[in-house]
Amino acid sequence: MSAAPVIEQLSRETGISTAAALFDKIPPHPVDPVLSPLFRRGGLPRGELVTVTGELSLSCGLATIAAATREQKWCAGIGLGEPAVSSIADLGVDLDHFVNLATPGEDWLRVASILIESFDIILVDPGFAPSASERARLLAKIRERRMSLISLRPMSGSTEQIEITDTRWSGAAHGRGRLQSCLVRARSQTGTHRFLLPGPTGTPSSVPAGTLEVVADGGSPAASAETSEVSGVAAEARAVPAEVPSVPVGASIAPTAGTGTDTDTDTADDPRWSTITQLRKVISHVG
């Protein structure tokens, strides 16, 4: 018995997703090539709900819609606050095709239901979790309009979940300089991925070849090669005996009276002085 008549009948029902609808080769919305590996079909799926969560989720969400806005797809932001316009543009978003609505958290679902009718992509930070019936109606409208909705919070019914699990900023060395880029580790259905967001130019960038990761004791990535150097200094500092006196960094280190030792004794013979000398070398190296 052929299933074609059943599939055809179900396809006419509003909001019912079938195998035919899933494999009708509707191309996804384009995304930056650096972010493309995060998605199973290489782009932002249409007619589906996608979640992007974790630190820098807003930046990642904006970077995800950037390529679509440059292809004149209309995108809207709901509940995102008031992000800096220049920062949005730096991520590659075409401001002529992006609308950010200052919407109270309790109204996000109503506003989203209205915008679904006319926008290609909606990026939302929901103020509350919808009920099962509200979520079912929302997903039905998304499928019917074949648009994309990105939630910056976990939400049931999402077909793809991107979670940013770790971020490491670079550019400021020993308290000097300025932040230039951020190494991001993200997990999705396609695996774990690393990229720079923002990269040196603001938009997503690939991780330069030779960038190393140091795994901390807790099992999370600690940083790149720059962190390896600092970790080595920290290890050297941990090797200093526990009896080292407390000395502020940058202070002049010298023996003092009243420490419980014979002041007539040569300080070079005092074992604590050799420890202080070693600590001075470590502090000098860090500075």
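Cys-60 is buried, at a relative accessible area of 0%; buried here means under 20% relative accessible area, exposed means over 50%, and partly exposed is in between, with a 1.4 Å probe and protein chains only. Cys-75 is buried too, with a relative accessible area of 0%. As for disulfides, meaning a pair of cysteine sulfur atoms within 2.5 Å, the structure holds zero.

A word on the source. This is a predicted model, in which local features need pLDDT of at least 70 and side-chain atom pairs count only at pLDDT 80 or more, while totals for chains, interfaces and linings use all residues. Residues are numbered from 1 along each chain as its sequence is written, and side-chain values use heavy atoms, with hydrogens and water left out.

Next, the nonpolar cores. By that I mean a set of buried Ala, Val, Leu, Ile, Met, Phe, Trp, Tyr and Cys residues joined through side-chain atoms within 4.5 Å. The largest one has 31 residues, and those with the most contacts inside it are Leu-62, Ile-65, Phe-98 and Phe-195. Two or more residues each come from strand 1 (48–54), helix 3 (57–70), strand 4 (121–124), strand 6 (160–173) and strand 7 (176–188). Helices (H or I, at least four residues) and strands (E, at least two) are DSSP runs, numbered from the N terminus. Helix 3 gives the most to this core, six residues. Apart from this core lies another, of 18 residues, including Leu-109, Leu-115, Ile-122 and Ile-142.

What is Leu-62 in contact with, leaving aside its neighbours within four places in sequence? Its partners are Ile-88, Leu-91, Val-93, Phe-98 and Leu-123, where contact means heavy atoms within 4.5 Å.

Now the charged pairs. The whole structure has eight salt bridges, each a side-chain nitrogen of Lys or Arg within 4 Å of a carboxyl oxygen of Asp or Glu. One of them joins Lys-141 to Glu-117, at 3.4 Å, N to O. Lys-141 lies in helix 6 (residues 132–145) and Glu-117 in the loop between helix 5 (108–115) and strand 4, so the pair ties together parts 24 residues apart in sequence. Glu-117 also forms a salt bridge with Arg-145, with the closest N and O atoms 3.9 Å apart. Shared partners join Glu-117, Lys-141 and Arg-145 into one network. Lys-141 is partly exposed at 24%, as are Glu-117 at 39% and Arg-145 at 43%.

Last, Arg-168 and Asp-166 meet in a salt bridge at 3.2 Å, N to O. Arg-168 is partly exposed at 29%, whereas Asp-166 is buried at 12%.
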